[in-house]
Amino acid sequence: MKPESLQRESPEGKKREPSSRQRMRLSLIILSCILYPVTFAYVSCPLITEAASQGILTAGLIIFGLVFLTSLVLGRFWCAYFCPVGGLQEACNRVLRWPLRTTRADWLKYLVFLGIFGSIAYAIWSAGGLKTVDLLYRTQNGISILAAGGIVLFLGPVMITLLFALILGKRGFCHTFCPIAVMLMIGRKIRNLAGWPALHLKAEKERCNNCNACSKECPMSLDVHAMVKEEKMENAECILCASCADTCPKGAITYGIGKT
Ligand code: SF4
Ligand code: SF4
Ligand code: SF4
């Protein structure tokens with residue numbers, strides 16, 4: 001028997017098991033969250049900036065570059081399957097089950113993006129470029145939390161994320177504050193302009209029975225039902241998790257790689 005929080009409701013109100021893909025997705029993202037004390041130095045914007053100001057290229061900056069490159073084909077796949085902060089929010093949501101309360105402050109993440117990536121660019125410029133490589137910067141034997149100040153550096157982002165989840169609800173941090181979300185949106189925009197094959201959703205509105213299960217299941221609280229009705233599945237906030245496709249009882253949403 002699955003825990004209550006891992007089950008979902010069918011349109012008829014009966015509990016349905018999550019698909020194997022969604023079980024795998026949740027396992028991966030929760031595992032990433034559990035490993036966050038080990039890995040946070042590799043995804044920490046302040047540490048990447050601090051190292052860059054000394055002319056040091058860290059694993060974190062390389063990871064950001066790679067995640068951006070994946071967004072050119074996979075969109076925000078990172079957010080759905082691998083991001084530890086996304087995992088922390090999904091774990092919160094499984095306990096609290098609070099809906100997203102507002103999207104009015106979503107513009108804030110664009111300012112945060114400009115501030116963070118502007119600081120990284122300025123740090124590199126003021127250091128005269130990146131001259132050395134230290135992949136394990138501010139870790140002890142690769143483990144983030146064991147380094148000096150590790151616990152303080154770890155608790156900061158965790159508290160901020162939890163605060164957003166408590167105040168704004170489901171994936172509130174992703175919607176409102178995350179600069180990586182903007183970086184991935186830019187990657188997706190470039191792909192959409194170029195039009196090369198990429199991971200995407202496709203809808204057949206004739207199949208839809210208006211049950212609204214897809215919208216209820218969406219971790220980003222999108223009105224997926226309306227997107228299906230318009231057959232317009234591209235949305236900057238979509239993290240391409242496939243929950244909607246896996247939930248739909250009519251097979252009205254498909255998920256795969258191809259041209260849109
Ligand atoms: S939006 Fe940011 S915090 Fe949310 S899952 Fe994506 S990278 Fe992680
Ligand atoms: S629209 Fe579908 S694929 Fe996109 S975030 Fe929502 S559930 Fe996931
Ligand atoms: S797309 Fe599927 S899950 Fe969404 S409202 Fe239509 S039938 Fe229901």
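Figure 1. Cys-214 is buried, its relative accessible area being 10%. In this predicted model, Cys-214 belongs to helix H11, which spans residues 213-217. Beyond its neighbours within four places in sequence, Cys-214 contacts Val-224, His-225, Cys-244, Thr-247 and Ile-253. Ser-243 is 29 residues away from Cys-214 in sequence, yet their C-alpha atoms are 7.3 Å apart.

**Figure 2. The shell around ligand 2.** The residues that surround ligand 2 are Leu-201, Cys-218, Pro-219, Leu-222, Val-224, Cys-238, Ile-239, Leu-240, Cys-241, Ala-242, Ser-243 and Cys-244. By class, 11 of the residues around ligand 2 are nonpolar, one is polar and none is charged.

**Figure 3. Two non-glycine residues with positive phi.** Most residues other than glycine have a negative phi. Ser-221 is not a glycine, but has a positive phi of about 60°. Ser-221 is located in the loop between H11 and H12 and counts as partly exposed, with a relative accessibility of 31%. Ala-242, likewise not a glycine, has a positive phi of about 75°. The loop that holds Ala-242 runs between H12 and helix H13 (243-247). Ala-242 is buried, at 2% relative accessibility, and is one of the residues that surround ligand 2.

**Figure 4. The shell around ligand 1.** Ligand 1 is surrounded by 13 residues, of which Cys-79, Cys-83, Arg-171, Cys-174 and Cys-178 are the closest. Helix H5 (77-81), H6, helix H9 (172-176) and helix H10 (179-194) are the elements that give two or more residues to this shell. H6 provides the largest share, three residues. Nine residues of the shell around ligand 1 are nonpolar, two are polar and two are charged.

Figure 5. His-175 lies in helix H9, one of the elements that give two or more residues to the shell around ligand 1. At 1% relative accessibility, His-175 is buried. Apart from neighbours within four places in sequence, the contacts of His-175 are Leu-100, Thr-103, Asp-106, Lys-109, Lys-170, Met-220 and Glu-237.

**Figure 6. Packing of helix H6 against helix H8.** Two packed helices are described by the angle between their axes and the distance between the axes. For H6 (residues 84-96) and H8 (residues 150-168), the axes come within 10 Å and cross at roughly 40°, so H6 is oblique to H8. The crossing of H6 with H8 is right-handed. H6 makes this contact through Val-85, Leu-88, Gln-89, Cys-92 and Leu-96, and H8 through Val-158, Thr-161, Leu-162, Ala-165 and Leu-166. Eight of the contact residues are nonpolar and two are polar, while none is charged.

**Figure 7. Packing of helix H1 against helix H6.** The axes of H1 (residues 20-34) and H6 come within 7 Å and cross at roughly 110°, so H1 is roughly perpendicular to H6. H1 passes H6 with left-handed crossing geometry. On H1 the contact residues are Arg-25, Leu-26, Ile-29, Ile-30, Ser-32 and Cys-33. On H6 they are Pro-84, Gly-86, Gly-87, Leu-88, Glu-90, Ala-91 and Arg-94. By class, the contact of H1 with H6 contains seven nonpolar, three polar and three charged residues. Leu-88 of H6 takes part in the contact with H1 and also in the contact with H8.

**Figure 8. The enclosed helix H3.** H3 (residues 45-52) is largely enclosed by the rest of the structure, because six of its eight residues are buried. The buried residues are Cys-45, Leu-47, Ile-48, Thr-49, Ala-51 and Ala-52. Among the elements that cover them are strand E3 (56-57), helix H4 (59-74), helix H7 (108-126), H8 and H10. Of these covering elements, H8 also contacts H6, and H10 gives two or more residues to the shell around ligand 1.

Definitions and conventions: Residues numbered from 1 in each chain as written. Chains lettered and ligands numbered in written order. Predicted model: local features only at pLDDT ≥ 70, side-chain atom pairs only at ≥ 80, totals over all residues. Heavy atoms only, no water. Axes fitted to C-alpha atoms, helices over the stretch in contact; angles between N-to-C directions. Helix = DSSP H or I, 4+ residues; strand = E, 2+ residues; numbered from the N terminus. Parallel < 35°, antiparallel > 145°, perpendicular 65-115°, else oblique. Left-handed = near helix turned anticlockwise from the far one by under 90°. Contact = heavy atoms within 4.5 Å. Nonpolar A, V, L, I, M, F, W, Y, C, P; charged D, E, K, R; others polar. Near = heavy atom within 4 Å. Buried < 20%, exposed > 50% of the residue type's maximum accessible area, 1.4 Å probe, protein only.
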